[in-house]
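Subject: Structure for your review

Dear colleague,

Please find below the structure that I would like to hand over to you.

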Amino acid sequence: MKDLNNKVALLTGASSGIGAVIANLLAQENVTVVGVARSKSGLNNTKSIIENLGGKFHCIPFDISQISKLSELKVQIANAIGEVDILINNAGIEEYNYFQNYDLEYIEKITRVNLIAGMELTRQFLPQMLDRGGHIVNICSLAAKKGESFNATYSATKGGLALFTDALRQEVHGTSVGVSAIFPGL
């Protein structure tokens, strides 16, 4: 996707960190950004920065770990802005700890946010992208390529996201949908 002018991007994890930077860069390319994150105040901060620079940003406070409610998110986006051209699965949870100190509930939450939510959002938005074109970007991590001690669950989920990206890229090869993985490091 070379021409970003007047495209719409759905960006998870848009309230801070890499997500806020991505939102700003997209807005500079005249992309309307639909930012999703748990933190309403963080989203409002990102929105304020982008709008002060003349960009367009829509806030949707939403906890993507609630996988069964992601279809509701899709409806909210359709009602607020219409079709999505770019899906950026950026949200992630990372907490350094001894693996044996995690409990199952926390491992499941990290897996839902870092891997399953991105897969489910892709599943929901891919059909419309196959019809009209689009691009899916999964923000992985260097930890997906080389596991990190005290970060095993994060490494495993980001590694899964990287392999999902590779498999999906092969599956949609020859269509008007692009699929990319980005591996930021410290």
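Predicted model: local features only at pLDDT ≥ 70, side-chain atom pairs only at ≥ 80, totals over all residues.

Helix α2

Helix α2 covers residues 40–52, which makes 13 residues. From the first C-alpha to the last it reaches 18 Å, close to the 18 Å expected at 1.5 Å a residue. Four of its residues, Gly42, Leu43, Thr46 and Ile50, are buried. Viewed down the helix axis, the buried residues of α2 fall within an arc of 100°, so they line one face of the helix. After the helix comes glycine 54, which has a positive phi, near 90°.

In soluble globular proteins, nonpolar side chains tend to be buried together. Here, the largest nonpolar core has 32 residues, and Leu10, Ile64, Leu73 and Ile77 are those with the most contacts inside it. Two or more residues each come from β1 (8–12), β2, α3 (70–80), α4, α5 and β6 (177–182). The element that gives the most to this core is α4, with 8 residues. Apart from this core lies another, of 17 residues, which includes Ala27, Ile50, Ile88 and Ile139. Ile50 is also one of the buried residues of α2.

Setting aside residues up to four places away in sequence, leucine 73 touches Val36, Ile60, Phe62 and Leu121.

Aromatic rings and charges

The model holds 3 aromatic pairs. Tyrosine 98 and phenylalanine 150 form one that is edge-to-face, with 4.8 Å from centre to centre and 85° between the planes. This pair links distant parts of the chain, 52 residues apart: tyrosine 98 is in the loop between β4 (86–89) and α4 (104–132), and phenylalanine 150 is in the loop between β5 (134–139) and α5 (152–171). Tyrosine 98 counts as partly exposed, at 46% relative accessibility, and phenylalanine 150 also counts as partly exposed, at 41%.

Another pair is made by tyrosine 102 and tyrosine 106, whose ring centres are 5.6 Å apart and whose planes are at 10°, so this pair is stacked. Tyrosine 102 has a relative accessible area of 9% and is therefore buried, whereas tyrosine 106, with 23%, is partly exposed. Together with Phe99, these two tyrosines form one aromatic cluster.

Two lysines also lie over rings. Lysine 74 is over the face of phenylalanine 125, at 5.6 Å from the ring centre. The charged end of lysine 145 sits over the ring of phenylalanine 183, 4.3 Å from its centre.

Asparagine 90

Is asparagine 90 buried or exposed? This residue, found in the loop between β4 and α4, counts as buried because its relative accessibility is 10%, and the cut-off for buried is under 20%. Beyond its neighbours within four places in sequence, asparagine 90 is in contact with Leu11, Thr12, Gly13, Ile18, Gly19, Ile22, Ile139 and Lys158.

Yours sincerely,
A colleague

Notes: Residues numbered from 1 in each chain as written. Heavy atoms only, no water. Expected span 1.5 Å × (residues − 1). Buried < 20%, exposed > 50% of the residue type's maximum accessible area, 1.4 Å probe, protein only. Arc of directions from axis to C-beta. Phe/Tyr/Trp six-rings, centres within 6.5 Å; stacked < 30°, edge-to-face > 60°. Lys NZ or Arg CZ within 6 Å of the ring centre and 35° of its normal. Core = buried A, V, L, I, M, F, W, Y, C linked by side-chain atoms within 4.5 Å. Contact = heavy atoms within 4.5 Å.
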